[in-house]
Amino acid sequence: MRILIVDDHILFREGLVGLLKSQPDIQIVGQCGSVAEAIETGLQLKPEIILMDFSLPDGTGLEATRAILQRAPDIQIIFLTINQDDEALIAAMRAGAKGYLLKTLSVQKLLTALRAMEKGEAALSRTMMARILKEFAHTHTMKDEDPSPLVTLTSREIEVLQEISAGITNQEIANRLFISENTVKNHVHNILEKLNLNNRREAIDFARRNGISALPQHR
């Protein structure tokens, strides 16, 4: 995959270039550190993927994303940022980004996300996916007379529901989310009660009907 990196922190950018260049299936086609450079370089080089920082010296990655996708809609843009604000996340997805990752993730998880994206999957952590689902449910409630039951769930409960949809056990969910099995049991109980469901099978059916599916396990 051909990747352009946009980040104004030179040390971080060059470190990321060095790490990704070692991968046989990744080619770094360029790097830059501003909105203006991102637009010019992105449209000139036409990479498959752009890793975009949110805050840049002359604006935000949102501006660059909109400008690039307006003229080159096939480019896939993933935000790689320290900004954990929900509004920034939603704004990025509305601008056309295909993913939103935090700089605190490991290199292996970044590689997993990039390769999953090649298969058509969103480059989002479980936490970010849960936030988007929560926002979607909230928006749905504001627009429709019948509120989505998802609005009653916390972000963590949505994460657990995602894992339930895969049909795995409480212990497996605990391992994947790095929480205790008892905590999972409490979340499952709350999910069933809030959604007025009787058992895990109904929870799985509900999740799938509402487009909630487990994210691929990082290896």
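At 26% relative accessibility, Arg115 counts as partly exposed, a class lying between buried (under 20% relative accessible area) and exposed (over 50%), with a 1.4 Å probe and protein chains only. The model is predicted, so that local features need pLDDT of at least 70 and side-chain atom pairs count only at pLDDT 80 or more, while totals for chains, interfaces and linings use all residues. Residues are numbered from 1 along each chain as its sequence is written, and side-chain values use heavy atoms, with hydrogens and water left out.

Seven salt bridges were counted, each defined as a side-chain nitrogen of Lys or Arg within 4 Å of a carboxyl oxygen of Asp or Glu. In one of them, Arg115 pairs with Asp25, with 2.9 Å between the closest N and O atoms. This pair links distant parts of the chain, 90 residues apart: Asp25 is in the loop between α1 (10-21) and β2 (27-32), and Arg115 in helix α5 (residues 107-118). Helices (H or I, at least four residues) and strands (E, at least two) are DSSP runs, numbered from the N terminus. Asp25 is partly exposed, at 29% relative accessible area.

A salt bridge also joins Lys103 and Asp53 (3.6 Å, N to O), and both residues are buried.

Arg201 and Asp205 form a further salt bridge at 3.9 Å, N to O. These two residues lie four apart in helix α10 (residues 200-209), and are therefore separated by about one helical turn. Arg201 is partly exposed at 49% relative accessibility, as is Asp205 with a relative accessible area of 32%.
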